[in-house]
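Colleague: I have some questions about the labels you put on this model. Can we go through them one by one?

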Amino acid sequence: FGVVLQGAGVGVLYLTIFAAARLYDLLPLPAAFAILVVLVAASSVLAVLQHAQALAMFAMSGGFLAPVLMSTGSGSHVALFSYYLLLNAGILAM
């Protein structure tokens with residue numbers, strides 16, 4: 001039950017950061033993207049420490065959604081695929 005609550009909390013944080021950056025312009029997009037990356041890393045560490053596969057799946061799906069949520073359409077495809085390469089390396093490490 002606790003892992004489900006943690007996953008819901010991480011989901012609420014994803015949506016809060018997205019809304020603050022894209023809907024209300026409270027955060028600049030690069031800062032919001034950096035916060036989302038830190039959130040993905042933190043939730044991945046929590047999942048590994050607690051041996052919670054569901055939380056790890058949720059963290060990685062949020063990691064794949066982070067660039068899509070923060071995209072303006074004018075980004076570099078090299079940076080995007082480099083980010084995905086690092087994310088896949090993190091999945092392999094877990």
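Modeller: Let's start with the surface of this predicted model. The accessible surface of the protein chain comes to about 6,000 Å², and carbon and sulfur atoms account for 76% of that.

Colleague: What makes Leu-23, Tyr-24 and Leu-26 a nonpolar patch on the surface?

Modeller: A patch takes residues with over 30% relative accessible area and no salt bridge, with nonpolar side chains joined within 5 Å. Leu-23, Tyr-24 and Leu-26 form such a patch, with about 400 Å² of accessible area together. As for Tyr-24, its place is the loop between α1 (2-23) and α2 (29-50).

Colleague: Why is Tyr-24 called exposed?

Modeller: Exposed means over 50% relative accessible area. Tyr-24 has 60%, so it counts as exposed.

Colleague: What is there to say about phi of Asp-25?

Modeller: Phi of Asp-25 is near 55°, a positive value in a residue other than glycine.

Colleague: Now the overall fold. How many helices and strands are there in the protein chain?

Modeller: There are 4 helices and 0 strands. Read along the sequence, that gives the pattern α-α-α-α.

Colleague: How do you know whether the protein chain is as compact as a globular protein of that length?

Modeller: You set its radius of gyration against the globule rule. The rule gives 12 Å for 94 residues and the protein chain has 13 Å, which is close, so it is as compact as a globular protein of that length. Along its principal axes, the C-alpha trace spans about 40 × 30 × 15 Å. Of the 94 residues, 30% count as buried. Among contacts between residues at least 6 apart in sequence, 59% join residues at least 24 apart.

Colleague: Which residues of α1 are buried, and what covers them?

Modeller: In α1, the buried ones are Gly-7, Val-10, Gly-11, Tyr-14, Ile-17, Ala-19, Ala-20 and Ala-21. Their cover includes α2 and α3.

Colleague: And which residues of α3 are buried?

Modeller: Those are Leu-55, Ala-56, Ala-59, Met-60, Gly-62, Gly-63, Ala-66 and Pro-67. The buried residues of α3 pack against α1, α2 and α4 (77-93).

Colleague: Why is Val-3 called partly exposed?

Modeller: Under 20% would be buried and over 50% exposed, with partly exposed in between. Val-3 has 31% relative accessibility, so it falls in between and counts as partly exposed. Val-3 lies in helix α1. Not counting residues up to four places away in sequence, Val-3 touches Gln-50, Ala-52 and Leu-55. Leu-55 is also one of the buried residues of α3. The C-alpha atoms of Val-3 and Leu-46 are separated by 9.7 Å, although these residues are 43 apart along the chain.

Colleague: Last one. What makes Ser-44 buried?

Modeller: Buried means under 20% relative accessible area. Ser-44 has 9%, so it is buried. The place of Ser-44 is in helix α2. Leaving aside its neighbours within four places in sequence, Ser-44 is in contact with Ala-59, Met-60 and Met-94. Ala-59 and Met-60 are themselves among the buried residues of α3. The C-alpha atoms of Ser-44 and Met-57, 13 residues apart along the chain, are separated by 8.7 Å.

Technical notes. Residues numbered from 1 in each chain as written. Predicted model: local features only at pLDDT ≥ 70, side-chain atom pairs only at ≥ 80, totals over all residues. Heavy atoms only, no water. Patch = residues over 30% accessible without salt bridge, like charges linked within 9 Å, V, L, I, M, F, W, Y side chains within 5 Å. Areas by Shrake-Rupley, 256 points an atom, 1.4 Å probe, with all protein chains shown as cover. Salt bridge = Lys/Arg side-chain N within 4 Å of Asp/Glu carboxyl O. Helix = DSSP H or I, 4+ residues; strand = E, 2+ residues; numbered from the N terminus. Buried < 20%, exposed > 50% of the residue type's maximum accessible area, 1.4 Å probe, protein only. Contact = heavy atoms within 4.5 Å. Rg over C-alpha atoms; globule rule 2.2 N^0.38 Å.
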